[in-house]
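Here are my notes for anyone opening this model for the first time. Have it on screen while you read, and take the points in order.

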Amino acid sequence: MYRAHPPTILALGESLLPQFFEALQTHNLAISFDPFIIPSMWESEGEARGGGREHGIGCLDPDRHDGVESDGFECRNESRYASSDIPSDLLVKVRGASFHLHKYPLLSRSGRMNRIICESSRDSELIEVELNDIPGGPESFELAAKFCYGFAVDLTASNISGLRSAAEYLEMTEDLEEGNLIFKTEAFLSYVVLSSWRDSIVVLKSCESLSPWAENIQIVRRCSESIAWKACANPRGIRWAYTGRPTRTCSPKWNSGDSKDSSPGKNQPVPPDWWFEDVSILRIDHFVRVVTAIKVKGMRFDLIGAAIMHYASKWLPGLAKEGARGSDDAWNQGGLHLTVAGSANKEDLSSSQIREQRMVIESLISIIPPQKDSVSCCFLLRMLRLANILKVAPALGTELEKRVGMQLEQATLQDLLIPSYNRGETSYDVDLVHRLLEHFLVQEQTEASSPGREPYPEKCGYDANSRPSVPIAKLRVAKLLDSYLTEVSRDRNLSLTKFQVLAEALPDSARTCDDGLYRAVDSYLKAHPTLTEHERKRLCRVMDCQKLSIDACTHAAQNERLPLRVVVQVLFSEQLKISNAIANASLKEAGESHLQPMMCTRRQLLEGTPQSFQEGWATAKKDINTLKFEMESMKAKYLELQSDMDNLQRQFEKMASTKSSKQSLSAWSAGWKKLSKLTKITSAVAHDKGAQIPETGVAETTRKGPRRWRNSIS
């Protein structure tokens, strides 16, 4: 006999009622409506609270098996005895529980028990069987044994999955007997459980301890599909009870409070996130199955992202901001009961807890919708912080970093200060922030290359005009980066190279004012007083003095930590700004904005300059005059040395010329002496020969003599 509450049968709908009654009549199952049995989940909220909320909605009462008469099972400690006049001849042990049964009722309806009993010794009066691997444990086997004996079996959403898996394990098919346990549990699943929202959730929750049987017989898939269809239904058409979101929450904020049961009313509209709380009790693998099915059905990506954040807030309480939680019971209900604070260490968790949380984080990362802004940047950064602690898969960590880079302009400084968990390095993970900036710039470049593309479709209900434009996004990221640099610059382990690389990660156009960058530079100089002059100049190159405000320039002019060259640049740029400002103000007062800026005298400029700036300018001017005096002194010394060098050069040249002239005169005198000596010898020889030569010969000799002399001279 099948007994059920009337609203349970009526809730099946006109399309399912004929099939349900036909299935009951085919297998000789009577049906009666008894208002006093276990209340159905389809009762109203007041009735469910008054009579107790249990998920029992049916009772199987098959025909009693002939041959063994029994009124039920008697429990004695961990043993169950079938109440019968016939002594027990079968002992079944299931995980510490003993069942004293009879052979025939079980072998007639169970194929597995039939084989085990036949393979056992026939001479033995008592057969012992161990079924420690039966799904559902002793509870499910007891229900299956009662069914074999013909006792009434109450089918509920809590025990149907275990009983269906046990029937599959015991091979209670139609081949042994028509209307066996597999068929009847399948009918209950298909026509009762899957048509109910609450029962589908409860059955899927009960499948957590039935792997892989519940997966192989498609209970998980069918329940996930049923939940997905109902979650995607129009909220206006919902007529079933649901747990609902906490009253103090507003989707999808990071708050939590006490949940309460809700039921749709005529004057109370059903919110779009009505299904979040019920789905969040599922284990992570089943939650992934449900969300995947919901995606296929076409659910809005922002609702899917909000459901993921709500699930993470229950199973990973450490992701929630301090002070945003509800009661501890509300946070621990249905979760891992693990709290990982931002400063928690990996050593504080056991290996099993680390594996569970790592699995949860990796699964949530894999199902986040690819659309931008499906989840908040705050949520992504907190997930990234916890992922670094638990050492998730590198591919998933990179994917999470890309998601953060897509919406980095929404981040806050507190969420961006992710600690570095590598000992001996900086306090904060500066390299991670640099990677986030790179992903942000890649995303901005991609959006700039396709300006006609609409990143947010209208069907998703997202206002594309509410998103900041690309320049505003860069300005926000630049401001966030300057604040981050100011915070991390106090770390003495932060190298100058890392600071400079991070400061120069954004283009110059991203900053309209470098005051934040100046504060970061000044903070770094305070924390690192041992920097050399060259390193200070290198550090100051990251900022543009022309982008500093008047207050920043006033502070920089009196900052003794800055190099003198930077101070001069600041004062020069500020003088130009002040002169232009005074000129523009004068033109505005005169009503001559179309004229060129009026030139002011030096005294007028000084009179319009603040006193603090004048003092800074006077100090800088004194330093400049000192440098000029030193340069003039060096120049005078140089000219004096140059004059001495010229004198020495002239003296050297004079001495060299005198020595060369003396050497040339001595050579000429020696040559003339040799020539005169040769002339004397030649004349003597010619005189001796002249007495012996005739007159003609004398004449010829006289003519030839001069020619030879000329030749000798030449």
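1. Start with E142, which sits in helix α6 (residues 137–149); helices here are DSSP runs of H or I with at least four residues, strands are E runs of at least two, and both are numbered from the N terminus. E142 counts as buried because its relative accessibility is 14%; buried means under 20% relative accessible area, exposed over 50%, and partly exposed in between, with a 1.4 Å probe and protein chains only. Leaving aside residues up to four places away in sequence, E142 touches F73, R80 and F99, where contact means heavy atoms within 4.5 Å. F99 is 43 residues from E142 in sequence, yet their C-alpha atoms are 8.2 Å apart.

2. A word on the basis: this is a predicted model, where local features need pLDDT of at least 70 and side-chain atom pairs count only at pLDDT 80 or more, while totals for chains, interfaces and linings use all residues. Residues are numbered from 1 along each chain as its sequence is written, and side-chain values use heavy atoms, with hydrogens and water left out.

3. For the whole chain, expect 29 helices and nine strands. Of the 714 residues, 43% are buried. Among contacts with a separation of 6 or more, 70% are between residues 24 or more positions apart.

4. Which residues of helix α22 (residues 496–503) are buried? They are L496, F499, Q500, L502 and A503. Seen down the axis of α22, they fall within an arc of 165 degrees, so they line one face of the helix; the arc is that of the directions from the helix axis to the C-beta atoms.

5. Now the charges. Side chains of opposite charge can pair when their charged atoms come close. The structure has 22 salt bridges, meaning a side-chain nitrogen of Lys or Arg within 4 Å of a carboxyl oxygen of Asp or Glu. One of them joins E168 and R164 at 2.9 Å, N to O. The two are four residues apart in helix α7 (residues 160–170), so about one helical turn separates them. E168 is partly exposed at 29%, whereas R164 is buried at 6%.

6. D522 and K526 also form a salt bridge, with their closest N and O atoms 3.9 Å apart. Both lie in helix α23 (residues 515–527), four residues apart. D522 is buried at 7% relative accessibility, while K526 is exposed at 53%. Elsewhere, shared partners link R164, E168, E186 and R222 into one salt-bridge network.
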